[in-house]
Every structure is written in C-alpha cells, then in structure tokens.
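The sequence and structure come first.

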Amino acid sequence: MEDNKVKSSIIIGLAVIITAFILGMAFKNRNENLDSISVIGLGTKDFVSDEILWSGSFTTKSFDIKESYNKMISDQKIVSEFFVKKGFNPNEFSFGAVQFNKRFREVRIENGENAYNNKYEQVFDGYEATQTISFSAKKNPDLMKRIEAVSSKTSELINSGIELSSNSIQYTYSDLPSLKQSLIEKATKDASERANKIVNTADGDLGKLKNASMGVFQITGQGSTEDDSYGGNFDTYSKNKTARITVRLEYELE
C-alpha cells in the first residue's frame, strides 16, 4: 500500500514538473514573439521591353500532298517578297518547317426507312500544309519599330491570295536577373526604413535581424490593376511594364 502511494507521488511530481516546463517554454516563446517586429518592404520599377517576338502562319490546301507542298513553296516566296518590300532583310525573319495535316469532313448517310438511324462518316478532304514566319529583335529599337508597324499590315497579302494569320506580339526584357536584384535591394531598404520609423516613433530600439524572406516577383503592364498571383504575373503583351517585389524583414526589439 505504501509502495503505491510512493509511486503515485512520483508520477504526480513528474507531471507537475513536465507541465511547468511546457508552460515555461510557451511563456518564453510568447515573450520572444512580442520582442520582435515584422515589416514588409516594396520595390518597384517601370521599364520598357527591349525584346520583341512576332509570328504568323499561312496555309495551302490540296487533295494531292505534292501539289500542296509546291503551292506552299510558291506562297512562301510571295510572303518573303512582301516583307522585303516592307523594308526587311531576308535574314531578319525566318520560316518554320512545313507541317502537313490530313483534313476530313463529316458526311451524313441517310436511312430512307428510319431517319433516326442516319449514320455519319468522316471523309478525306485533302491535305493542309501550314508554315510559320517569325520576326524577333533584341536591343534593336529600329527593328522593333518595323516589326510593330508591319504586324498590322499583313491583310495586304490577301490581294496575292494569301491569308496570313497573325499572332499577338510578345514583349520581353533581356536582363531580368539584374532587374530582380535591384528590386530586392530596393525592397530591403524600404523594409528597413519602415522598421526604423515604427520603432523610433515608439521610442524603442531596433535589434538584430532575425529573419528575411522574399515575396513573389511580378511583372505587369504599366497602370495595370491586376492582383498579385501566387506563382507571379509575367506580362508579355505590354511593351511598357512595371516590375515589383516584396521583402519581409523581422527584427529583434531591444
């Protein structure tokens, strides 16, 4: 009986010690959290894209694959001459490989006895050959302007019997790593200044930096109201862009 009382006392004593330890650590962590400040700094920069990519495609159709290819070669020459007349050198654009696809059309086969039993069949409708033409420029303002100007004039090719399907112009920037680095520095400085202002206003002192983390890198069109995205926004449709990044700093308080 006495042994059981001793064991119970030991167990209760250990439980009290463990509980006191847990509460002590919780109180310590709580105080540590209260003795720090977390701020977010923002770095932004407006810039103009220095790279451009624009492409288009045109097609030919024929029931004979060889005839379709020969017509494509003929159309390619007409397209090439069109852009040369617009002021481009042949080495300032390039043609992609010719792609061939079989075309089919759906034909309904009627059942004279029962209209609900009509059948549909896929019937070969010839070959379609497609070819792309691409223009690009990097740190070449003159070529960029010429590409921008001609992208809206391809409808003139219709007079030659060619319909060129134009894609949207893509604008990018050649030195994103350097831009990102400058934004990180700017955002870090902004966060540090914010922390100092807050602490000085409260008559406190800023201690050591405890933690630093970087937010999402965003590129949007200038004046855009687009919300931040978890994976980052990378606008390629606007020539004039805005880059932004956030940095979170956590400091100790003295």
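Is serine 134 buried, partly exposed or exposed?

## Serine 134

The model is predicted. In it, serine 134 has a relative accessible area of 25%. Because buried means under 20% and exposed over 50%, serine 134 is partly exposed.

Serine 134 belongs to strand E5, which spans residues 119-138. Not counting residues up to four places away in sequence, serine 134 touches Trp54, Ser55, Glu92, Phe93 and Ser94.

## Serine 62

Serine 62 is part of strand E2, residues 51-62. Its relative accessibility is 10%, so serine 62 counts as buried.

The side chain of serine 62 reaches the backbone nitrogen of aspartate 64 at 3.2 Å. With neighbours within four places in sequence left aside, the contacts of serine 62 are Glu67, Ser68, Gly126 and Tyr127.

## Nonpolar cores

The largest nonpolar core has 22 residues, of which Val79, Phe83, Phe88, Phe135 and Ile147 touch the most other members. Two or more residues of this core come from each of E2, helix H2 (65-85), E5 and helix H3 (141-150). Another core lies apart from it and has 16 residues, including Phe47, Ala187, Val199 and Ile245.

Isoleucine 147, one of the members named for the largest core, is in contact with Ile52, Trp54, Phe88, Phe135, Ser136 and Ala137, leaving aside its neighbours within four places in sequence. Trp54 is also touched by serine 134.

Terms used:
Residues numbered from 1 in each chain as written. Predicted model: local features only at pLDDT ≥ 70, side-chain atom pairs only at ≥ 80, totals over all residues. Heavy atoms only, no water. Helix = DSSP H or I, 4+ residues; strand = E, 2+ residues; numbered from the N terminus. Buried < 20%, exposed > 50% of the residue type's maximum accessible area, 1.4 Å probe, protein only. Polar contact = N/O pair within 3.5 Å; in protein donor to acceptor, adjacent residues only side chain to side chain. Contact = heavy atoms within 4.5 Å. Core = buried A, V, L, I, M, F, W, Y, C linked by side-chain atoms within 4.5 Å.
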